[in-house]
Amino acid sequence: MPVRLLLALVLCIAAPFAHATHDGLQPRWLAASGRPNETATQALTLLGEAASHGLDAADYGAGRLAAQAAALKDGSRPADPAAAADFDRALTAGMVRYMRHLHAGRVDPRTIRYRIPSRAEEHDFDAMLHAALTSGRLRQTVTELAPALAQYQSLREALARYRALAADPWIPVLPPPATAVHPGDSYPAAAVLRRRLLALGDLPADDRAAAGDPAVYAGMLVDGVKHFQRRHGLADDGVLGRATHAALQVPLASRVRQIELALERLRWLPHLGNGPFIAINIPMFRLWARDAAAPPMDMAVIVGRALKTQTPVFTEEMTHLIFRPYWNVPRSILLGEVLPALQRDPTYLQRHDMEIVRGGADDAPVLSAAPENVALLHQGALRLRQRPGPRNSLGLVKFVFPNDASVYMHGTPAQELFGRTRRDFSHGCVRLEDPVALAAWALRDQQQWTRERIVATMQGTRSVRVDLTRPVRVILFYVTAGVMPGSNGDIHFADDIYRYDELLERALGKRPADWEREQRD
């Protein structure tokens with residue numbers, strides 16, 4: 001065949017694919033032959049990895065796209081230009097959607113009561129995809145869109161492990177005990193318990209774990225149960241009671257789902273960079289403070305009461321502290337609690353160090369609790385506050401991060417509540433187990449504010465405001481599965497006290513999931 005004729009034939013065959021477009025653009029995923037190129041193979045691999053992030057590859061058409069690619073690569077028949085164009089368009093749509101979900105999550109957090117703006121508009125993901133293909137950095141670009149949080153990566157590792165556990169048919173189900181089992185008790189199901197704890201990592205793979213009478217609940221088996229209890233927010237007393245047994249019986253597939261929902265929520269958080277931050281996980285009742293230039297710290301907290309006065313989920317910047325603060329009684333508490341109590345007991349305000357004032361300043365004039373002033377208080381014309389001191393509901397220091405919800409962190413005179421494993425007792429603010437430690441951490445770059453000076457100021461006679469030299473990001477978030485910093489990689493699970501997991505499940509079920517329709521759009 002003459003060379004010119006052969007060249008004309010090749011061009012004729014290739015022409016339909018050279019002009020196949022994605023919204024008028026040259027095809028992104030096709031070679032000149034009309035068959036998927038190497039970058040398309042890489043993109044399909046990335047979509048196949050969606051599950052490792054707790055996402056569903058089917059949401060991006062991964063299975064359909066893989067089948068299309070296989071058909072287009074079939075060298076036994078000519079490539080179909082229409083099928084090639086459809087594949088190119090669908091793979092672009094799938095990748096853009098995957099990139100958006102990986103970076104910002106599948107659900108707008110504002111639709112489920114979170115005060116966190118969506119990150120979906122932070123980038124033009126189609127333009128980002130085009131730039132990644134042009135520069136040959138597709139995998140790097142997609143990887144960089146996932147949260148850079150160490151917690152996110154730890155949860156991905158835990159997800160892989162718990163998926164394997166959920167698929168293991170040899171992990172036994174624990175029979176329910178007739179009564180609570182205490183250390184030293186006879187326990188016929190001890191061997192079953194041992195196998196389950198070994199699988200979950202609460203017992204070491206050590207021969208000593210099986211030493212002793214196999215039908216007695218004792219020794220390392222008790223230690224394993226205590227470890228399990230700590231990971232699940234239970235009192236680590238080693239007693240196999242109702243709550244511990246219920247946690248042991250939760251299907252591992254349900255734990256997998258908790259991890260997946262936690263990964264979704266972490267994708268909502270803003271980029272933290274390298275600056276200092278304070279993170280509070282509401283259902284685990286725990287605070288962590290981190291700064292690359294200072295030792296990490298963590299402590300127990302008390303949060304808002306479930307389904308009544310919940311602590312909101314949001315992020316803001318802490319700007320200052322107030323030692324020996326006044327507590328300005330919120331109107332909801334004034335109307336719902338204080339005024340009814342005052343009606344029953346005229347000495348209520350005096351006994352609780354409360355006073356009626358006119359104006360918003362600390363030096364506002366104090367008024368008597370005369371009936372006419374109480375009436376004005378009820379109308380909102382006057383203000384009620386609690387004087388600084390050891391009985392003040394805010395304790396002796398208040399940490400301020402201005403926000404629309406009027407939520408802040410503070411101390412508390414009710415230290416005994418930190419002995420509880422479940423700690424949702426507040427009206428929405430966050431009470432701190434060790435406010436002195438957090439004050440020292442927050443003021444660590446102001447050398448004049450030593451721990452001794454902080455304690456002396458808290459025990460002084462006047463309110464003192466101290467501004468931070470730089471704001472500190474405060475993150476109030478909600479996940480029921482998390483890897484505790486400094487816990488050797490142990491994953492912890494918490495009860496869904498605010499039913500936010502249920503809410504997120506419903507939101508995910510209602511989101512637009514019709515992949516075919518999205519392709520047409």
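Q: What do the side chains of Asp501 and Arg265 do when they meet?
A: They form a salt bridge, 2.8 Å from N to O. Keep in mind that this is a predicted model.

Q: Where do those two sit?
A: Asp501 is in helix α17 (residues 500-510) and Arg265 is in helix α11 (residues 252-266), so the pair ties together parts that are 236 residues apart in sequence.

Q: Are Asp501 and Arg265 buried or exposed?
A: Both Asp501 and Arg265 are buried.

Q: How many salt bridges does the structure hold?
A: There are 27 salt bridges. Some link up: Asp353, Glu355, Arg385, Arg387 and Arg391 are in a network of them.

Q: And what about Asp467 and Arg465?
A: Their side chains also meet in a salt bridge, at 2.8 Å from N to O. Asp467 counts as partly exposed because its relative accessibility is 43%. Arg465 has 53%, so it counts as exposed.

Q: Switching topic: how do helix α3 and helix α4 pack?
A: Helix α3 (residues 62-73) and helix α4 (residues 81-104) pack at an angle of about 145 degrees, and their axes are 10 Å apart. The crossing of α3 past α4 is left-handed.

Q: Which residues meet there?
A: From α3 you get Arg64, Leu65, Gln68, Ala69 and Leu72, and they meet Ala83, Ala84, Asp86, Phe87, Ala90 and Leu91 in α4. Eight of the contact residues are nonpolar, one is polar and two are charged.

Q: What does Arg64 form with Asp86?
A: A salt bridge, with the closest N and O atoms 3.1 Å apart. Arg64 in α3 and Asp86 in α4 are 22 residues apart.

Technical notes. Residues are numbered from 1 along each chain as its sequence is written. This is a predicted model: local features need pLDDT of at least 70, side-chain atom pairs count only at pLDDT 80 or more; totals for chains, interfaces and linings use all residues. Side-chain values use heavy atoms; hydrogens and water are left out. Axes are lines fitted to C-alpha atoms, for helices over the stretch in contact, and angles run from 0 to 180 degrees between N-to-C directions. Helices (H or I, at least four residues) and strands (E, at least two) are DSSP runs, numbered from the N terminus. A crossing is left-handed if the near helix is turned anticlockwise from the far one by less than a right angle, and right-handed if clockwise. Contact means heavy atoms within 4.5 Å. Ala, Val, Leu, Ile, Met, Phe, Trp, Tyr, Cys and Pro count as nonpolar, Asp, Glu, Lys and Arg as charged, and the others, Gly among them, as polar. A salt bridge is a side-chain nitrogen of Lys or Arg within 4 Å of a carboxyl oxygen of Asp or Glu. Buried means under 20% relative accessible area, exposed over 50%, partly exposed in between (1.4 Å probe, protein chains only).
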